[in-house]
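This report concerns how two chains of a model meet, and it begins with a question once the structure has been shown.

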Amino acid sequence: MSAASLSAQFLDIVIALLLAPLLTGWVNQWRARLQNRSAPSLLQPYRLLHKLFHKESVLAEHASPLFRGAPYILLGCMTLACAIVPTLSTDLPLAPAADAIALVGLFALGRLFISLAAMDIGTAFGTLGARREMLVGFLAEPALLMVLFSVSQIAGSTSLTTIVERLADQGPAIYTSVMFAGVAFTLVALAENARIPVDNPATHLELTMIHEALILEYSGRHLALIEWAASLKLFAYSGIGLALFFPWGVSEGQSPFAVLYALPVLILKLAIGGFLLAVLETISAKLRIFRVPEFLATAFLLAVIGMLVNNLQGH
Amino acid sequence: MSGLSIQLIDFLAALLLMLSFAMISQRRILSLIHLFTLQGITLVATTAIVAHATGQEHLYLSAGLTFALKVILIPLLLHRIIDRLNVRWDVETLINIPTLMIIGIVLVIVAFDLALPIAKLSTSIARGTLGIALACVLLSLMMMITRSKAVPQVIGFLSLENGLFFAATASTNGMPMVVELGIALDVLVGVLILGVFMFHIREQFESLDIRHLERLKED
Amino acid sequence: MNSSVLFHPGEWLYLDWVLLVASAWLSIGLIGVFALRRLALVAKVLFPAGGVFGVVLLGIALIATQAAPETAVLPIGLPQLPFHFRLDSLSAFFLMVIGGVAAGVSAFAAGYFRKGEGTPPGLLCLEYHVFLAAMTLVVLADDAYAFMVMWETMALASFLLVTTNHRIPEIRNAGFLYLLIAHIGAIGILLCFGVLQANTGDYSFENMRAQQLSPFWASIAFLLALCGFGAKAGLLPLHVWLPEAHPAAPSPVSALLSGVMLKTAIYGILRVCFDLLDLRLWWWGVLLIAVGVVTALFGVIFAAAQVDMKRLLAYSSIENIGILFTAIGLAVLFSSYGMLPMAALALTAALYHTAGHALFKSLLFLGTGAVLHATSERSLGKLGGLMRYMPWVAWVCLVGVIASAGLPPLSGFVSEWLLLQGFLFATGLPSYFLNMLIPVVAALVALVAALAGYTMVKFFGIIFLGRPREERLALAHDAGAWERIGMAWLVTGSLALGLLPIQFIQVIDPVTQYLTGAGLGATVADHGWLLVPVALDRSSYGPAIFLLGIAICCALVFIIVRGIYHGRVRRSAPWDCGFPWQTARMQDTAEGFGQPIRQIFEPFFDLDRQLPSPFDSEPVYRVQVGDYFWRWLYLPAAAGVERLARLLGHLQQGRITVYLLYSFLTLIAVLLLVRR
């Protein structure tokens with residue numbers, strides 16, 4: 001573990017923490033533009049966080065410590081997730097501690113805590129949100145796992161950093177399985193980040209909301225932490241998508257400056273990805289909640305087909 | 001034979017398979033026609049790449065023919081049919097999509113299993129994709145089984161032909177021109193006849209639900 | 001190979017110590033008989049003493065896993081048929097599980113059993129300790145005779161424990177169902193041993209190891225073993241006793257049943273497949289994987305739909321058994337193709353999950369016991385909000401829930417991770433068909449793991465979180481001191497298994513070395529705090545670093561947020577979108593939480609729904625989740641047996657001369673048969 005890799009790791013985390021709200025802002029801005037609304041500022045998410053941190057936290061009388069602790073654990077999970085996803089450099093000292101499977105586990109751990117916290121107050125909306133969140137989760141998690149498996153079979157490793165290194169060295173190549181995995185990943189990422197066909201981040205309509213129902217009882221700094229964690233999750237998912245399908249331009253730890261070269265590439269990739277996400281959200285319509293399992297099952301099965309094709313073609 | 005064209009054909013094969021899966025899980029008739037057109041484009045591209053890679057001139061002609069027929073003519077005909085029948089925005093009720101996809105996965109496995117010995121015999125550049133082509137054929141057959149309206153069934157039939165065409169191109173580096181022309185003509189005539197049939201079914205039963213045809217059997 | 005001192009004077013072997021622990025448990029049980037109704041003595045002295053011996057057993061077994069096999073011959077039982085015992089690394093591993101769990105459960109039981117109807121405490125103490133001793137000896141047995149005697153003793157003792165509250169008819173029925181299926185299984189095991197001894201007439205395991213069965217007879221033996229041990233483990237379709245017996249039994253007993261007794265079946269199948277049989281065929285592995293994965297999926301789907309907390313856990317045990325069998329199947333598959341390191345990987349996953357499940361499932365059952373004591377309520381629909389009244393139990397159960405949901409950084413995740421690694425590396429299998437099967441099974445395992453998370457959120461959320469659904473829940477009290485000790489012991493175990501995988505895999509290593517000739521120990525030892533099953537560039541996982549990472553993130557965020565901003569908190573009524581007429585009954589019920597699962601997996605359930613009409617003045621909604629196996633397998637079978645019995649009933653004439661005629665005819669027939 002050299003100083004270079006330590007600094008790369010540090011930079012990876014700091015960039016994730018700082019850039020994540022910007023990515024959310026970017027997506028929101030493009031969505032507004034595409035929908036002919038006047039767009040909020042790019043910095044709006046930062047202002048929101050700042051405002052929420054300033055406000056006092058209002059807790060229900062009977063909230064347990066679990067309720068207060070969950071936002072911190074959620075943020076911790078998402079930060080760790082961002083720390084092990086190679087966005088800037090593949091020379092990350094933390095990465096060997098958690099491979100792709102553990103990454104899925106990390107998301108699941110965050111989900112478990114936030115769902116439990118939503119049930120803690122004992123309101124109708126909280127439990128409803130928890131149930132729906134777990135519904136999305138139990139289909140999205142295996143689908144994500146299968147996506148990761150398809151790619152790790154090609155790269156011969158479940159470690160994300162090794163996957164990126166090997167795929168990047170190989171140069172552009174088209175694998176049948178990766179195409180399926182890519183489509184499945186897009187579906188999963190939309191569902192997991194509470195995006196339009198599954199959930200609408202802009203609504204508080206009880207019949208449709210999932211994520212907002214979960215966090216209805218949170219306020220002040222706890223809400224800020226959750227919002228930040230949600231941004232980080234989007235960032236982590238973007239990072240995973242880039243790592244699996246567009247692994248080029250990530251530094252492999254040759255020199256400390258390589259990380260700095262990787263940064264503009266990352267920002268460019270994220271900007272394009274965020275724009276595509278906004279387009280995708282604009283052209284699709286919200287699904288009824290009972291179509292969501294179908295949507296996710298499709299993702300899951302596509303990922304399985306990807307893995308099958310991979311095995312069958314003997315790559 | 002460059003690695004690039006093999007990769008491109010692999011890519012197109014995957015696209016074809018994905019389009020087949022999209023077709024079995026698509027409820028809207030209009031989207032089905034779009035998907036069918038996309039399949040046609042995939043076929044054209046495949047044929048052109050095989051032609052380029054193997055240097056067979058007549059395959060370019062075949063690609064052009066496919067383009068004219070499957071990307072322009074038949075979709076146009078289908079569009080006209082659904083306009084005239086006024087079913088453009090029809091949505092079909094389907095049995096549970098995940099179940100269909102699970103059956104689809106089984107079909108993919110079976111298809112690859114069947115294709116393995118054939119692919120070993122083949123000397124073609126794209127033999128690796130034979131299994132996918134076969135899978136597309138089986139998936140189209142399944143699509144025809146699960147649909148109850150006439151137009152999706154016809155599209156299923158056409159997509160089945162697409163799968164066969166792809167299999168032929170992939171395993172034999174393209175068929176002789178005579179065979180190809182014959183098939184093209186067959187498909188065209190088939191679509192025309194089926195179109196006429198659909199109007200008649202519609203006149204008879206005031207619906208395109210082919211379950212009504214069950215009434216025709218003798219008791 | 002060493003022999004026991006009991007007959008060869010010299011130094012004491014580990015085996016002797018283990019036998020000593022077993023006899024200590026037996027004598028504790030006997031003391032209990034003499035103090036039949038003295039609850040204080042039984043609870044505060046005998047059960048804790050039993051727990052101490054559990055710790056002793058754990059210690060001995062831990063050392064014995066690394067030692068050479070030892071044997072002993074005890075001249076008890078029938079003449080010419082002494083009991084053979086053998087302690088090798090495989091039995092030592094399972095002894096470890098028995099000892100470790102028994103220690104925690106005994107301590108909990110010290111505080112759990114109260115005066116009441118049903119079996120008197122002294123008798124309970126006897127049954128309990130006989131059960132423990134029988135399990136110990138099952139694992140030690142080295143001949144079919146000793147094995148069957150101990151196996152039946154174990155079944156009988158557990159049957160008596162299940163029917164502790166035998167005055168309730170449902171509990172009696174559950175007990176009988178359990179006994180019936182246990183005996184179907186025992187017949188399978190008996191026949192399996194019959195095949196394994198290959199007509200030599202020598203039923204010792206040593207002889208069985210020496211036999212070289214033809215693939216046909218080996219397959220017969222394997223299928224019989226699968227049937228026999230599967231019945232005990234709760235494999236589909238012999239799973240029906242589990243969700244009946246577990247809720248019927250007192251919680252410490254459920255904990256032992258689920259945590260330890262099911263594992264003896266795992267021990268049995270491992271012993272037969274990898275030790276007694278000298279060949280393994282690929283389709284055995286496929287069969288095990290298929291049965292295992294179907295069982296796992298079935299178990300977890302049903303668990304998610306349950307409304308009784310102990311039934312939920314029982315179904316979750318079925319799920320875990322399914323996962324265990326899947327892992328064993330994968331090991332058999334690899335081993336049949338000679339891919340020994342891979343077989344060792346899959347087997348390590350299986351053994352890890354055995355220990356992990358033993359700990360977290362008994363922990364959760366003890367948790368339900370504590371809840372049951374505090375509220376005397378088993379139905380999830382009437383619980384809720386207990387985290388405020390029994391925080392201690394709630395936090396302890398949270399650990400069990402995370403482990404059970406297969407989430408990092410606890411034990412459930414490690415075994416799942418190893419298993420998934422096994423599936424990922426399975427691409428090198430020579431058969432084309434298998435290469436296609438593997439991804440599908442891996443996907444199903446992933447789905448099961450994710451559904452387990454859903455189930456566990458339901459379990460924890462409905463019992464401990466939210467607001468109490470009944471008024472009297474506010475009177476609930478937290479667990480007592482003994483109960484806390486027992487649960488704390490199991491929590492420590494769960495945490496240790498989750499955070500120290502490298503150390504624990506070193507313990508497992510001799511077992512996989514013995515069974516497959518390969519192990520992960522050497523590979524794992526090279527990488528410090530990282531768990532690396534094959535190679536560093538393939539995969540790695542470091543739970544301790546993982547936990548530390550999250551903890552540091554949390555702490556830093558906490559400090560920074562507090563430092564820059566403030567820590568002001570105001571308490572008020574819950575907001576809930578401004579709806580002021582909230583009551584606790586508006587929370588999701590257990591039925592409500594399971595509704596998406598019921599909807600998605602509807603074909604699996606035998607649903608009986610009663611929907612209210614809009615004009616009901618007192619609308620009632622009722623939904624009962626049934627099992628198709630009951631309707632299509634067990635009820636027809638029961639009807640068939642009854643019909644057969646009626647036919648046989650015609651033999652009964654009531655006249656003594658007719659009965660004498662029967663005996664006479666039988667005698668003639670037997671004589672003729674013998675003469676031939």
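How many salt bridges does the rule find across the interface of chain A and chain C?

## Salt bridges and basis

The rule, which asks for a side-chain nitrogen of Lys or Arg within 4 Å of a carboxyl oxygen of Asp or Glu, finds three salt bridges across this interface. In one salt bridge the side chains of A:R166 and C:D537 meet at 2.6 Å, N to O.

The model is predicted, so that local features need pLDDT of at least 70 and side-chain atom pairs count only at pLDDT 80 or more, whereas totals for chains, interfaces and linings use all residues. Residues are numbered from 1 along each chain as its sequence is written, chains are lettered from A in the order in which they are written, and side-chain values use heavy atoms, with hydrogens and water left out.

## Extent of the interface

Counting contact as heavy atoms within 4.5 Å, 78 residues of chain A touch 75 residues of chain C. The two chains bury about 6900 Å² between them, 71% of it on carbon and sulfur atoms, where buried area is the accessible area (1.4 Å probe) lost on putting the parts together, summed over both. A:Y72, A:R131 and A:F138 supply 10% of the area that chain A buries against chain C, more than any other three residues.

## Strand pairing

Between β1(A) and β4(C), residues 569-572, which run parallel, there are four bridges; strands are DSSP runs (E, at least two residues), and two of them pair if DSSP finds at least two bridges between them. Within this pairing, A:V58 has C:R570 as its bridge partner.
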